[in-house]
Each structure stands twice: as structure tokens, then as C-alpha cells.
Amino acid sequence: MNKQAVVEREYGPVTEGSTVAGVAFDGEKLWFASEEGLTALDPSTGASEASFPIPADAGTAFDGTHLYQLAEERIDKVNPATGEVVATLPAPSGGSSGMTWAEGTLWIGQYRDCKILQVDPTTGAVLRTIDSDRFVTGVSWVDGELWHATSQDDVSDLRRIDPETGAVLERLDTGVSMISGLAAHGDAFYCGGGHSRTIRKLRRAEIVDP
């Protein structure tokens, strides 16, 4: 089923860095990654609340206590109160894009390989591989549903997929050319805008076609 997503709000352009990579929501603050580090925004005002100058070039995740940040060939586990890196684990080979936390594990997108990997958050071991037919950017779980963003041929959409088979169950047309990071909360999707240095808050709208 295809639906339309509408942009409800846009944050930015942010002053931290020249691009927005990973995006995560901790229940209160919206975190984003850039080449300058991890930054927290107040989603009600858009004001920056914290910034940590740590390597942060791709996906960001939150497990309820700690942030996880992709940094080239590793994943850093970060204390969100202090920015201290409390543990590291190897990132999957082949390059990584988006990342989220669910079911006690990390779920990591691989952009050009068109895959989503379920990863052990202690060892970095790959537990499951899900194939997609488009480039995978942001990844998020919300209300027991696995969503990922795509970005290909200057078109980005959001897809709800079966976590066992990868089958597309629902697709949202966004009208946005680039979605980098993705964080879902309730019926809202926070989408990183890459080099636009923005984060867009999207919601589902009316059905486009069955």
C-alpha cells in the first residue's frame, strides 16, 4: 500500500557541520550526527541542547540508556549525559548507513549493498541479513514495525518491511530527494536531510493508491 508523507516541520539548516547523517530520538531530545560530532536538539524549539565532538559519520541509535554511533569501521557506545565513549565494537564490513535499536540488538543499513543487518551490540556479530531492492539509508523500529528510508535517483521514500523476509508492506512517498538518518516516534518520522543540513518531521497522510 502506497501513502503520502507530508512535511510537518523542518529543523535547520543546522550550524553543526555541513551534513546531517544519523538521527535518533531518546524520548525527549532529537540527536543527529555530523562531521562535528553528536548534537542534541529540543524537538519543540529546535534549539541545540548538547554537542559532543566525537567521530559521527553515519547512523545513530538509542537503546534507552546509551547512544550508539557509527564511526567508520567501529560503533561507539556513548553516555548521552557526558559524551563519554564507554565501549566500542566493530562495525559490519561493507560500509554502514543508518542504525537503530530494537529487540536488544542493533539494526544497521548498508547503503550500496541494499541490506539491513541485525547486529549483536556486544560483539558486532551479524545475526540476520535482510535484502532490499533500493539503496538503504536510515533505519528505525516503531511500535513493532521495521522501517527504512531509501535514497536513489534523487528520490527518497520510507518503507515498512517484514523483518523476516524483507517484503515491502507499506511505502510512503516523501517528495524529498534525500533522506539520510531516520528516527520514528509514534506516527512521526524524523528524517535527516544530508547536505541540506536539515531534519524534517514527516507524518503519514492520505492513501495515494491501493
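Me: Is Thr174 buried or exposed?
Reply: In this predicted model, Thr174 is buried, since its relative accessible area is 5% and the cut-off for buried is under 20%. Thr174 has its place in strand β17, which covers residues 168-176.

Me: What lies close to the polar atoms of the Thr174 side chain?
Reply: The backbone oxygen of Ser156 lies 2.6 Å from a polar atom of that side chain, and the backbone nitrogen of Val176 lies 3.1 Å from a polar atom of the Thr174 side chain.

Me: And which residues does Thr174 touch, not counting those up to four places away in sequence?
Reply: With those set aside, Thr174 touches Gln4, Ala5, Ser156, Asp157, Leu158, Ile179 and Leu202.

Me: What about Asp173, how accessible is that one?
Reply: Asp173, which also lies in strand β17, counts as partly exposed at 21% relative accessibility. Its side chain is joined to that of Arg171 by a polar contact of 2.4 Å.

Me: Moving on to charges, how many salt bridges does the structure hold?
Reply: The structure holds 15 salt bridges. Among them is the one between Asp133 and Arg159, whose closest N and O atoms are 2.8 Å apart. Asp133 lies in the loop between β13 and β14 (136-142) while Arg159 lies in strand β16 (residues 156-161), so this pair ties together parts that are 26 residues apart in sequence.

Me: Are those two partners buried or exposed?
Reply: Asp133 counts as exposed at 59% relative accessibility, whereas Arg159 counts as buried at 9%.

Me: Which salt bridges does Asp157 form?
Reply: The side chain of Asp157 meets that of Arg159 in a salt bridge of 3.4 Å, N to O, and Asp157 forms another with Arg171, where the closest N and O atoms are 3.2 Å apart. Because Asp157 lies in strand β16 and Arg171 in strand β17, the latter pair ties together parts that are 14 residues apart in sequence. Salt bridges that share partners join Asp133, Asp157, Arg159, Arg171 and Asp173 into one network. Asp157 itself is buried, with a relative accessible area of 4%.

Me: New topic: how many disulfides are there?
Reply: A search of the whole structure finds 0 disulfides. Cys114 is in no disulfide, and the nearest cysteine sulfur, that of Cys191, is 19 Å away, which is to be set against the cut-off of 2.5 Å for a pair of cysteine sulfur atoms.

Me: Where do the two cysteines stand, buried or exposed?
Reply: Cys114 is buried, with a relative accessible area of 14%, and Cys191 is buried too, with a value of 3%.

Me: Last one, what is the strand order in the open sheet of 4 strands?
Reply: The order is β10-β11-β12-β13, with antiparallel pairing. At the edges stand β10 (99-102) and β13 (126-131), each of which has a single partner strand, so one side of each is left without a neighbour in the sheet. Neighbouring strands of this sheet are turned by 20° against each other on average, direction ignored.

Me: How many bridges pair β12 with β13, and what stands opposite Leu117?
Reply: Strand β12 (residues 115-119) pairs with β13 in the antiparallel sense over 5 bridges, and Leu117 stands opposite Thr129 in β13.

Technical notes:
Residues are numbered from 1 along each chain as its sequence is written. This is a predicted model: local features need pLDDT of at least 70, side-chain atom pairs count only at pLDDT 80 or more; totals for chains, interfaces and linings use all residues. Side-chain values use heavy atoms; hydrogens and water are left out. Two strands pair if DSSP finds at least two bridges between them. Helices (H or I, at least four residues) and strands (E, at least two) are DSSP runs, numbered from the N terminus. Axes are lines fitted to C-alpha atoms, for helices over the stretch in contact, and angles run from 0 to 180 degrees between N-to-C directions. Buried means under 20% relative accessible area, exposed over 50%, partly exposed in between (1.4 Å probe, protein chains only). A polar contact is a pair of N or O atoms within 3.5 Å; within protein, one must be able to donate a hydrogen and the other to accept it, and residues adjacent in sequence count only if both atoms are side-chain atoms. Contact means heavy atoms within 4.5 Å. A salt bridge is a side-chain nitrogen of Lys or Arg within 4 Å of a carboxyl oxygen of Asp or Glu.
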